[in-house]
Amino acid sequence: VKKGADEIPGLTDDNKPRRLGPKRASNIRKLFGLEKKDDVRQFVVRRQVGDKKKTKAPKIQRLITPQLLQRKRYFKALTRKRMEAGKEMKAEYQKRVAEYRQQQKEARAAEVAKKKKEKK
């Protein structure tokens with residue numbers, strides 16, 4: 001669509017601001033030129049609803065909070081704990097298998113010795 005030579009009154013002569021601002025934390029940072037350490041929650045675009053006192057703001061997505069970091073640490077610790085428990089269980093299993101094989105070997109050797117003794 002090409003723009004004509006002159007403005008259309010009431011349509012192209014005035015700029016309307018966007019009704020909604022960004023919702024994602026990184027996009028809010030980009031819009032206001034913030035750094036990582038700045039608090040995004042103070043810069044979220046609010047809009048007025050009904051009477052002039054009430055405002056609404058979107059729930060900020062991908063916001064790094066202390067709870068999120070704590071949850072991340074907890075899940076990593078769980079994974080580490082599971083891995084260590086798995087290692088211990090594997091070592092225990094290997095030990096029991098070796099013990100069982102040794103018993104089988106001894107039983108077989110005793111049986112072979114018994115057969116040799118009977119042959120003579």
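## Order of elements

From the N terminus on, the elements of the protein chain run α-β-β-α. That comes to 2 helices and 2 strands. Helices (H or I, at least four residues) and strands (E, at least two) are DSSP runs, numbered from the N terminus. Helix H1 covers residues 25-32. Strand S1 covers residues 47-48, and strand S2 covers 55-56. Helix H2 takes in residues 66-119.

This is a predicted model: local features need pLDDT of at least 70, side-chain atom pairs count only at pLDDT 80 or more, and totals for chains, interfaces and linings use all residues. Residues are numbered from 1 along each chain as its sequence is written, and side-chain values use heavy atoms, with hydrogens and water left out.

## Confidence

pLDDT is the predictor's confidence in each residue, from 0 to 100. The protein chain averages 92, and 100% of the residues score at least 70. Among the elements, H2 has the highest mean pLDDT, at 97. Strand S1 has the lowest, at 88. Where pLDDT is low, the predicted coordinates should not be read in detail.

## Overall shape

Along its principal axes the C-alpha trace spans about 120 × 40 × 30 Å. Buried residues make up 7% of the 120 residues. Buried means under 20% relative accessible area, exposed over 50%, and partly exposed in between (1.4 Å probe, protein chains only).

Ser 26 and Lys 114 are 88 residues apart along the chain, and their C-alpha atoms are separated by 80 Å. Ser 26 lies in helix H1 and counts as partly exposed at 39% relative accessibility. Tyr 93 and Lys 16 are 77 residues apart along the chain, with C-alpha atoms separated by 71 Å. Tyr 93 is found in helix H2 and counts as exposed at 54% relative accessibility.

## Aromatic pairs

Rings of Phe, Tyr and Trp (its six-membered ring) pair if their centres lie within 6.5 Å; planes under 30 degrees apart count as stacked, over 60 as edge-to-face and the rest as tilted. By this rule the count comes to 2 aromatic pairs. Phe 32 and Phe 43 have ring centres 5.6 Å apart and planes at 45 degrees, so this pair is tilted. Phe 32 lies in helix H1 and Phe 43 in the loop between H1 and S1, so the pair ties together parts that are 11 residues apart in sequence. Phe 32 is partly exposed, at 39% relative accessible area. Phe 43 is partly exposed as well, at 32%.

Tyr 74 and Phe 75 form a tilted aromatic pair, 5.5 Å centre to centre with 55 degrees between the planes. Phe 75 is partly exposed, with a relative accessible area of 47%.

## Nonpolar surface patch

Phe 32 and Phe 43 also belong to a nonpolar patch on the surface, together with Leu 31 and Val 45. The four have about 330 Å² of accessible area together. Areas come from the Shrake-Rupley method with a 1.4 Å probe; for residues, only the protein chains shown count as cover. Patches are made of residues with over 30% relative accessible area and no salt bridge: like charges are joined within 9 Å, nonpolar side chains (Val, Leu, Ile, Met, Phe, Trp, Tyr) within 5 Å. Leu 31 lies in helix H1 and counts as exposed at 51% relative accessibility.

## Salt bridges

A salt bridge is a side-chain nitrogen of Lys or Arg within 4 Å of a carboxyl oxygen of Asp or Glu. A search of the whole structure finds 2. Lys 37 meets Glu 35 at 2.8 Å, N to O. Lys 37 is exposed, at 69% relative accessible area, whereas Glu 35 is partly exposed, at 49%.

Arg 41 meets Asp 39 at 3.2 Å, N to O. Arg 41 is exposed, at 52%. Asp 39 is partly exposed, at 29%.

## A positive phi

Arg 62 lies in the loop between strand S2 and H2. Its phi is near 60 degrees, a positive value in a residue other than glycine. Arg 62 is exposed, with a relative accessible area of 61%.
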